[in-house]
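Here's a quick tour of one model, with the cut-offs spelled out as we go. Have the coordinates open and follow along.

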Amino acid sequence: DVDFGVSNFGFTTTDAETILDNEASIRLLLKLSFKETGLIEKPNSAEPTRLYRWTHWWLRKPSEACERQAQRCQRAVIFLGSAKSLLYCQPPEMDNRSMHISSTVCLVLSLLAFDLAAADLVINPGRIGYDTQASTVRRAYGSGFAIWKSYYRSKERILSASISAGNELGSIKQLNDKPSIADQPVPVLSPNGKHLWAFWSERRKDRWQILGREFRNNSWEPAIELSSSGADAIKPNAIVRNDGSVLVGWHEFTDGNSVQVRVRSRQAGEWSETRTISNPNHDSFRVALVEFNGQVWAFWDQYADLQYMICARQLNAPKSQIEIVSPPKAASVRCLTAKPMVSSSQGLCVAWLKLRDVIGGDGVIDMIHTAHVSVRRNGKWSLVLDEVGNSEGAVMLNGLLPDLRRGKRYPSGYAGKRRHPMLLDGPDNVWLVWERKSEHGGSGTKTYGQLLGRPFRDGTWG
């Protein structure tokens with residue numbers, strides 16, 4: 001259950017030649033070999049070591065003519081569980097025994113400036129609690145931090161550990177003052193790697209509060225309460241700039257039973273007053289912040305007139321207005337969960353989910369989840385479309401939508417984050433990445449997950 005921040009991925013200028021060289025090599029492998037490869041047995045386990053060995057095998061398998069290219073690509077063959085990635089798209093034509101690898105397979109390389117040959121790092125060794133909601137941040141030279149939530153004996157702790165440039169784990173520190181009820185820890189690192197903060201929501205005195213701690217002089221400063229003590233505040237998100245200034249946002253349940261997006265900033269060591277950036281007449285949820293060309297943008301879900309929609313607003317622009325990112329839809333369609341990212345080639349992009357009501361069987365109402373992306377061009381928002389004008393980047397069906405007809409099996413669940421699309425930046429395009437259950441009707445405990453990706457460029461899906 002590792003949630004990588006989209007801003008932590010990308011290609012550094014120092015690695016540009018290596019990146020292009022590896023990408024060209026892998027594309028050559030695809031072109032020369034995978035059309036003839038045919039069926040490849042699936043790995044027997046979803047454990048990372050098995051996935052690595054299997055992926056390593058099929059990169060080297062195809063033919064002796066590609067052996068040299070495969071060897072050059074080995075250091076790029078990595079997977080979920082570390083902040084290094086090989087992402088691949090699996091074609092839909094698969095069964096319980098094999099995968100069909102064809103020329104439609106897509107790869108994404110995200111090479112960072114640290115040792116790609118390093119082994120996976122377990123950030124919670126020996127822990128006896130139930131650990132979830134892990135996030136990592138990395139500096140350009142490789143060191144960083146991991147933060148996660150740990151549940152033990154009916155209480156929750158926000159834990160953190162440093163990660164060295166050599167991929168060695170430091171001692172584990174507890175960030176909340178005492179075990180309590182807590183949620184959604186978020187580590188935020190400035191682009192120059194000099195300023196680190198952690199934010200989370202915690203239950204205090206019968207209210208949910210937003211708290212933050214700064215890492216300074218190799219230790220964590222005391223926790224600060226950032227939200228009002230008279231309201232419930234959850235789902236923090238933040239950015240930290242190179243000068244150490246901070247902007248943190250959350251959504252808050254007000255006394256009037258409405259839900260508003262609040263933000264608070266820190267300049268020169270002083271925190272500002274809290275202000276509302278969403279429409280006070282409508283409920284708003286799940287704020288996400290990003291900086292683009294010196295402007296800070298906030299995105300959130302707004303509920304108005306029986307519709308959920310994605311909204312955006314420039315926070316440091318004079319007289320800025322709330323903009324609607326997602327196109328208007330019927331009341332049975334909901335647009336939720338904005339995931340923004342700034343791309344070096346595509347500019348400001350935001351991925352989001354569209355939920356549409358459907359009939360899954362007699363008397364059963366369910367929803368189809370699809371992932372979409374909007375890009376800001378020439379002062380307005382445009383959907384990424386395919387060649388026939390379809391905006392769906394991914395359809396998330398596996399393990400959902402039960403078919404209750406006689407003889408059909410009800411699909412069991414899946415523990416992965418299948419409804420959380422991400423964006424990854426490449427040298428000349430952006431990839432929509434999502435997780436799914438590999439088999440629609442497979443066991444929730446035995447069926448492994450898949451990480452898939454689809455690129456877009458200049459407003460067009462690949």
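A residue is called buried here when its relative accessible area is under 20%, exposed when it is over 50%, and partly exposed in between (1.4 Å probe, protein chains only). This is a predicted model, so local features need pLDDT of at least 70 and side-chain atom pairs count only at pLDDT 80 or more, while totals for chains, interfaces and linings use all residues. Residues are numbered from 1 along each chain as its sequence is written, and side-chain values use heavy atoms, with hydrogens and water left out.

**Aromatic pairs**

Rings of Phe, Tyr and Trp (its six-membered ring) pair if their centres lie within 6.5 Å; planes under 30 degrees apart are stacked, over 60 edge-to-face, and the rest tilted. That rule gives 11 aromatic pairs. Take Phe215 and Trp220: with ring centres 5.2 Å apart and planes at 70°, the pair is edge-to-face. Phe215 is buried at 17% relative accessibility, and Trp220 is buried too, at 14%. Phe285 and Tyr308 make a tilted pair, 6.3 Å centre to centre with 45° between the planes. This one links distant parts of the chain, since Phe285 sits in strand E19 (residues 283-292) and Tyr308 in strand E21 (residues 307-314), 23 residues apart. Strands are DSSP runs of E with at least two residues, numbered from the N terminus. Phe285 is buried at 13%, whereas Tyr308 is partly exposed at 24%.

**Salt bridges**

Count a side-chain nitrogen of Lys or Arg within 4 Å of a carboxyl oxygen of Asp or Glu, and you get 18 salt bridges. Three of them look like this:

| Pair | Closest N and O atoms |
|---|---|
| Asp177 and Arg204 | 3.1 Å |
| Asp183 and Lys235 | 3.9 Å |
| Glu252 and Arg262 | 3.3 Å |

Glu252 lies in strand E15 (residues 246-253) and Arg262 in strand E16 (residues 259-267), so their bridge ties together parts 10 residues apart in sequence. Both Glu252 and Arg262 are buried. Bridges with shared partners also join Lys149, Glu156, Asp183 and Lys235 into one network. Asp183 is buried at 16%, while Lys235 is partly exposed at 27%. Asp177, by contrast, is exposed at 56%.

**A buried serine**

Ser278 sits in the loop between strand E18 (275-276) and E19, and is buried at 4% relative accessible area. What does the side chain of Ser278 make a polar contact with? The partner is the side chain of Gln260, at 3.0 Å. A polar atom of the Ser278 side chain also lies 3.0 Å from the backbone nitrogen of Val261.

**Core and sheet**

In soluble globular proteins, nonpolar side chains tend to be buried together. A nonpolar core here is a set of buried Ala, Val, Leu, Ile, Met, Phe, Trp, Tyr and Cys residues joined through side-chain atoms within 4.5 Å. The largest has 19 residues, and Cys349, Val373, Leu423, Leu432 and Phe456 have the most contacts inside it. Among the strands that each supply at least two residues are E29 and E30, but the largest share, 4 residues, comes from E24.

E29 and E30 belong to an open sheet of 4 strands ordered E28-E29-E30-E31, with antiparallel pairing. E28 (422-425) and E31 (460-461) stand at the edges with a single partner strand each, so one side of each has no neighbour in the sheet. Strands pair if DSSP finds at least two bridges between them; E29 (residues 430-437) and E30 (residues 449-457) pair over 8 bridges.

Notes: A polar contact is a pair of N or O atoms within 3.5 Å; within protein, one must be able to donate a hydrogen and the other to accept it, and residues adjacent in sequence count only if both atoms are side-chain atoms.
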